[in-house]
Amino acid sequence: MSDHAASPETLEHHDDHSGHNSPEAIHAEKRKYLIIFFVLAVLTVMTVAVSRMHLPHAMAIGVGLLIATVKASLVAAFFMHLLTERKLVFTVLAITVVFFAVLLWGPWHHVYEAEEHSREVGVISTEKPQQPAAQPAPH
Amino acid sequence: MELEIPYTVRPRPDTGLYNGKLGIWLFLASEVMLFGALFSSLVLLRSSAPDWPKGSDILNVPLATLNTFVLIASSVTVVLAWANLRLGDFKWGRIWLGVTLMCGFGFMIIKAIEYGTKFSHQQFPGTNNFFATYYMMTGLHGLHVIGGMIVFAYLIGPGAKMWKEKPNQYTNRVEITGLYWHFVDLVWIFLFPILYLL
């Protein structure tokens, strides 16, 4: 099959809800994608750096998830072009977020309730038992 | 007489989206629930365990970091492919699709090296709950990467014939495959810190 380059005029953009499908706008978009890539790369380095700062466990999880959420938002907003997407897509996503939250809340709630109950009846102490650390394996 | 599938290019008047795009978003919603169930299970197992190893003590963080860069790069190359196709530049659109496919191969090769090292140290899914979740989540994610690679290979190879007759429809196919690929990237963005770093 030979390469066939259609001229920009031959491509109709029926889904052009952003109103920015001129060649100039698409070239500007391509530059934006490269900037987002650079930001995502920096945030990835930050994620690794923060994990080596020996922060308190809860804070380390919080910061790690916060950076991951920022990265995910950038991918969704710019690469998946959610910024200019139709209302129906947001409706689908909103329903998904509700069910996803229920899915995560279930086990969290269960663990919290179980720990509260155990404390009340004195089955477990509030401190984790001392156990030998897992042996690091060579990579 | 060939039956034409409606709304492959033009948006449906009631949804404002072409059918493929609405379809992929509904599929991605189901994927969120699939991976959500696994993340939820991880929360339950990890918070209930008296002791849970830190990922960075057991797993290979440099390799996983490299894989993160590879996957992020592939997300950029697939949107560059889509942008070039919208400009009518099939040649560069196809080249960027090829680079995306190579990134997928790179990711899986790095993952295979990682798995191979773990197996050689007798660290299998049945070793403990940590490795059970590690293999389950990264394995399912890897299968998604392979699925995306198969579609990209089709779009670069036999599926590319469509460009001559229906360039808009071909461009839309690349767009919705890209949406799936970005979702695979999103899942890894959360898997990386949760499994490897925290």
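Angles under 35 degrees count as roughly parallel, over 145 as roughly antiparallel, 65 to 115 as roughly perpendicular and the rest as oblique. The model is predicted: local features need pLDDT of at least 70, side-chain atom pairs count only at pLDDT 80 or more, and totals for chains, interfaces and linings use all residues. Residues are numbered from 1 along each chain as its sequence is written, and chains are lettered from A in the order in which they are written.

**Exercise 1.** Determine how H3(B) and H4(B) are oriented to each other.

Solution. 
- Step 1: Locate the helices (DSSP runs of H or I, at least four residues, numbered from the N terminus). In chain B, H3 covers residues 61–86 and H4 covers residues 90–120.
- Step 2: Take the axes, which are lines fitted to C-alpha atoms over the stretch in contact, with angles from 0 to 180 degrees between N-to-C directions. For H3(B) and H4(B) the axes come within 8 Å and cross at roughly 165°.
- Step 3: H3(B) and H4(B) are therefore roughly antiparallel.
- Step 4: H3(B) passes H4(B) in a left-handed crossing (left-handed if the near helix is turned anticlockwise from the far one by less than a right angle, right-handed if clockwise).
- Step 5: Sort the contact by class, with Ala, Val, Leu, Ile, Met, Phe, Trp, Tyr, Cys and Pro as nonpolar, Asp, Glu, Lys and Arg as charged, and the others, Gly among them, as polar. The contact of H3(B) with H4(B) has 18 nonpolar, 8 polar and 2 charged residues.

**Exercise 2.** Describe the side of chain A that touches chain B.

Solution. 
- Step 1: Chain A has 3 helices and 0 strands.
- Step 2: Count residues in contact (C-beta atoms, placed from the backbone, within 7 Å). Chain A gives 58 residues and chain B gives 64.
- Step 3: Two or more residues on the chain A side come from each of H1 (23–51), H2 (57–79) and H3 (87–121).
- Step 4: H1(A) supplies the largest share, 13 residues.
- Step 5: By class, the chain A side has 36 nonpolar, 14 polar and 8 charged residues.

Notes
Two residues are in contact if their C-beta atoms, placed from the backbone, lie within 7 Å.
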